[in-house]
Amino acid sequence: MIITLKKNNPAQVEPLITWLESLGISPHFIVGKQQTVIGLIGDTGVVNIDLIKSFDIVQDVRRIKEPYKKVNRKFQNDDTVIDINGNKIGGGNFQIIAGPCSVESWEQIYSVAQSVKTSGATILRGGAFKPRTSPYSFQGMQAEGIELLLEAKKLTGLPIVSELMNISHLPLFEEIDVIQVGARNMQNFELLKELGMLKKPILLKRGLANTVEELLLSAEYIMAGGNENVILCERGIRTFETATRNTLDISAIPVLHQKTHLPVIVDPSHAAGISYLVKPLALASVVAGADGLIIEVHNDPSHALCDGAQSLTPYEFSDLARVVREVLPFAPPSYTYCSTPNKVICPA
Ligand code: PEP
Ligand code: MN
């Protein structure tokens, strides 16, 4: 349920808040550019809409039918902008994250970090703990991989994204700038609850067989705990098609923008599974309104310990980054999706 206020006058708002809290409802204030709204979290079935309307300060009350609240565009109309060490994502700010699937050695991570930085990547990715289908595959360099990432951060200045699979590893991630929740953990609800207690940005990847609504509910788990810094990532879903590793759900980009204020980035590498497809999928994502890209780059893809087939060489990445900059002006502006009057795409 959301309450739109006539004006944000604390003296008049307080009795309303006290009353709502007495019903076990937590009010969540969103002070927007145009208006202040209060989102109600809890069992709103117990609240009588007419009683809310009887408060003078209230302009309008609406029930939100979707099961996700804090991530809902109806709750917060303005795009969330997430700041990663000065690199903003969302609300018209676009970033390219790049790096290897897994950290393999100092020489590898440092050379990839330097080359992607030169080509325009602003954030470095690298897996230290790898979710592998086979227990016999390379599982990542683990704690040592994190150390190498932090060393690369020190020397290049690039903030780091890395995947956390087990909450017991959290102390190792203290200086990691963005924690990735991988596709296979999108519905690891206990992990999501723990990450909800942090303030660090979370990159939440869509599960292999999950709907947009399920992705939004997983983001809701993190936000419900108090962590508002969630970046959503479309990375391809399983379909009957076998020509690609996954099927990139391009429609998810505008659909998510319409349903949520959270930034949406795209991982064309895991969607494609093969390097020649990464560039066309990246370009399609940008024009469909992605707020950023996450791209796998390896200095020697044919010898990569993980996901070599989909990894770009540094040269291919620089070409991708160049054409992405060329098409960015054609991307829909973020306001396209807002539900305020005079905007184009959103249904009323
Ligand atoms: C990754 O980013 O290397 C990864 C394993 O991604 P996903 O969880 O999307 O498969
Ligand atoms: Mn990978």
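Which residues are the closest to ligand 1? In this predicted model, where local features need pLDDT of at least 70, side-chain atom pairs count only at pLDDT 80 or more and totals for chains, interfaces and linings use all residues, side-chain values use heavy atoms, with hydrogens and water left out. Residues are numbered from 1 along each chain as its sequence is written, while chains are lettered from A and ligands numbered from 1 in the order in which they are written.

Ligand 1 is surrounded by 13 residues, and the closest are R125, K130, A183, R184 and R235; a residue is near a molecule if one of its heavy atoms lies within 4 Å of it. The shell is made up of seven charged, three polar and three nonpolar residues. In this grouping, Asp, Glu, Lys and Arg count as charged, Ala, Val, Leu, Ile, Met, Phe, Trp, Tyr, Cys and Pro as nonpolar, and the others, Gly among them, as polar.

A polar side-chain atom of K130 is placed 2.8 Å from an oxygen atom of ligand 1, and a polar side-chain atom of R184 likewise lies 2.8 Å from an oxygen atom of the ligand. For K205, the separation between a side-chain N or O atom and a ligand oxygen atom is 2.9 Å. Of the 290 Å² of accessible area that ligand 1 has on its own, the protein covers 97% (Shrake-Rupley method, 1.4 Å probe).

Elsewhere, E21 belongs to helix α1, residues 10-22 (a DSSP run of H or I, at least four residues, numbered from the N terminus). E21 counts as partly exposed because its relative accessibility is 48%, between the limits for buried (under 20%) and exposed (over 50%), with a 1.4 Å probe and protein chains only. The C-alpha atom of E21 is 9.8 Å from that of L40, 19 residues apart along the chain.

Definitions and conventions:
Polar contact = N/O pair within 3.5 Å; in protein donor to acceptor, adjacent residues only side chain to side chain. Helix = DSSP H or I, 4+ residues; strand = E, 2+ residues; numbered from the N terminus.
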